[in-house]
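Here is a short note for a colleague who is new to this structure. The points can be followed alongside the sequence and the model.

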Amino acid sequence: MAEGGILVSHKQVDTNKHVTIMEAAMKSSCTSSDSSVHELVSRSGSGEGSPPLIKKGRRNRTISGSKSEDHMLYTESGKKVYTKGRPPWYDRQGKALKKPYVIGICGGSASGKTTVAHRIIELLDMPWVTVLSMDSFYKVLNEEQHELATKNDYNFDHPSAFDFDLLYETLKRLRHGKSVDVPVYDFTRHQRDKNSKVMYGADVLIFEGILAFHRSDINEMMDLKVFVDTDSDTRLARRLERDIEERGREICGVMEQYLRFVKPAFDSFIAPGMKLADVIVPRGGENEVAIELIVRQVKNQLAERGYDPSKNLQQRQELAHAEFPMVLPSSLHIIEDTPQVRGLHTVIRNKKTSRDEFIFYSERLMRILIENAMNFVPYEDYEVETPTGQKYMGKRKCKNLCGVAIMRAGETLEKSLRSVIKDCKMGKILIQTNEKTMEPELYFLRLPKNIHQYKILLMDATVATGAAAMMAIRILLDHDVLEENIILLSLLMAETGVHSLAYAFPKVRLVTTAVDAHLNEQFHVIPGIGNFGDRYFGTETINPCEVDDDEDDDVLENGY
Ligand SMILES: Nc1ncnc2c1ncn2[C@@H]1O[C@H](COP(=O)(O)OP(=O)(O)O)[C@@H](O)[C@H]1O
Ligand SMILES: Nc1ccn([C@@H]2O[C@H](COP(=O)(O)O)[C@@H](O)[C@H]2O)c(=O)n1
């Protein structure tokens, strides 16, 4: 599999449908060369079918944003944990339901901070946890400092080695559920990788590092401060093994660095942190009793804040069947119901329409939709000279337009968008509904850099409950896109989805070619189009009982 693609482990995604979608994600390319790709699907380091397991006592590389490509891990019980965060559900205002619970973990180098973080995640048994490591905030070294570092002559244990301001801002944003760009640190080269990682806030946010308690404004953000207190001989023994095995060091270099910098810094800057801790964990990751107590405390605190994952599905069901006002919101624009538009709807809604016809006519409708949506894009005055040498005072559309497709059905609008806006920048968001919890989950994200500077044409083929669109909008807002800069385009919307979206995001412009009144028990739009993606991509499973062999009944009967 090509570097940069998504590896799908059988245990993570086990239906053919999911695999198809992932493959589609891999194949589809983004025109923009400066796009940043954020894959939220685990790359299983050990190959097919073997998701990364949490092992007691060994550093699991999936845990630290700075130490690996993975951001999803499996606990020993096989549960999936997203270590890059993003709680999947929002309230009717589109806000995350609660602030993340922040756990700070401090302790000497190789004391077992990461191991303790793993055990906490495992016992917490929650699907969304963000783990931030201080390693990501090592300052960028100049040439001279880099030279010193390669000779073990640079003090990486002194507070001045860290960019605390960046760390503070990062934690602040994560606490507000905003996206952050976290540097990825490479210990073998003493420098940041060229690629950073995008993370989101989550229900629980764990922050670990040798100087985690060094700055009081950072400490104030923590709900629980844990100090991992491991005997210094043990720490040295573990560090020797780890630095030689994982960080490409020589034994004498590790010893020299330890005696010159690591040990004195522990005494001066790290050990005093013990006094600030709420809980001290002697012996680190093997101290099950202490870790269980921490987990119990976190669970109690979360319950007190009203954390109840079972409520998410309940809220969604309530929302789908809620009574909404008769009047459709003013942020909604339904294009004119001309005979042409109705004719196109008739073809694509007809279950007998062949795939070829479905693609052809739905693409015609898409172009009409996009042309209409262009009326909501800003234009500025622009004067040109005509071939007769006269001036013509015209208009020119704003340059910063970006299409973002909600995969997979939303991707079908990309071609039509490009036929209207040549060379339009494109992004993609893959959101899948978890079949157990019925919650939308974010799997894949690719957005152009500086997305907040763009006016976004967010595209989905149909909107039913609005849950996926709501999550996509929330993600854009987390990337600092302004709500008023988002236009959601869809061929068909259900009234429920329209009301939910307009209620949560009143400044988002909704543009569609039709609104249907109902949703059925499976949250499908009624009368609807059916599963748009399946019909367009030809992935629907045909029920032989429903095959109609009356060949005369072709789409031309609809007037096309
Ligand atoms: N209880 C333990 N028994 C044996 N090895 C351990 C134990 N805890 C941690 N280690 C090992 O020690 C090293 C440092 O542990 P880690 O949790 O990464 O510490 P830190 O995050 O504090 O640097 C890792 O290689 C890890 O596998
Ligand atoms: N380029 C670097 C940067 C840091 N270190 C050492 O890493 C230790 C912190 O990481 P832990 O996982 O052990 O918490 C710290 O003690 C630094 O000395 C390094 O060796 N090289």
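Which residues are around ligand 2?

1. Around ligand 2 are Ser109, Ala110, Asp135, Tyr138, Ala149, Phe156, Asp157, Phe187, His190, Ile210 and Val262; a residue is near a molecule if its C-beta atom, placed from the backbone, lies within 6 Å of it. This shell has seven nonpolar, two polar and two charged residues.

2. On conventions, this is a predicted model, in which local features need pLDDT of at least 70, side-chain atom pairs count only at pLDDT 80 or more, and totals for chains, interfaces and linings use all residues. Residues are numbered from 1 along each chain as its sequence is written, while chains are lettered from A and ligands numbered from 1 in the order in which they are written.

3. Strand 19 covers residues 455-459 (strands are DSSP runs of E, at least two residues; helices are runs of H or I, at least four). Four of its five residues are buried, that is, with 20 or more other C-beta atoms within 10 Å of their own.

4. Strand 19 pairs in the parallel sense with strand 16 (residues 401-407) over five bridges; pairing requires at least two DSSP bridges. Leucine 457 in strand 19 stands opposite glycine 403. Strand 19 also runs parallel to strand 21 (residues 486-490), joined by four bridges, and methionine 459 has leucine 489 of strand 21 as its bridge partner.

5. An open sheet of three strands has the order 20-22-24, with parallel pairing. Strand 20 (462-463) and strand 24 (515-516) stand at the edges with a single partner strand each, so one side of each is left without a neighbour in the sheet. Two bridges link strand 20 to strand 22 (residues 492-494); valine 463 has methionine 493 in strand 22 as its bridge partner.

Technical notes
Ala, Val, Leu, Ile, Met, Phe, Trp, Tyr, Cys and Pro count as nonpolar, Asp, Glu, Lys and Arg as charged, and the others, Gly among them, as polar. A residue is buried if 20 or more other C-beta atoms lie within 10 Å of its own, exposed if 12 or fewer, and partly exposed in between; C-beta atoms are placed from the backbone.
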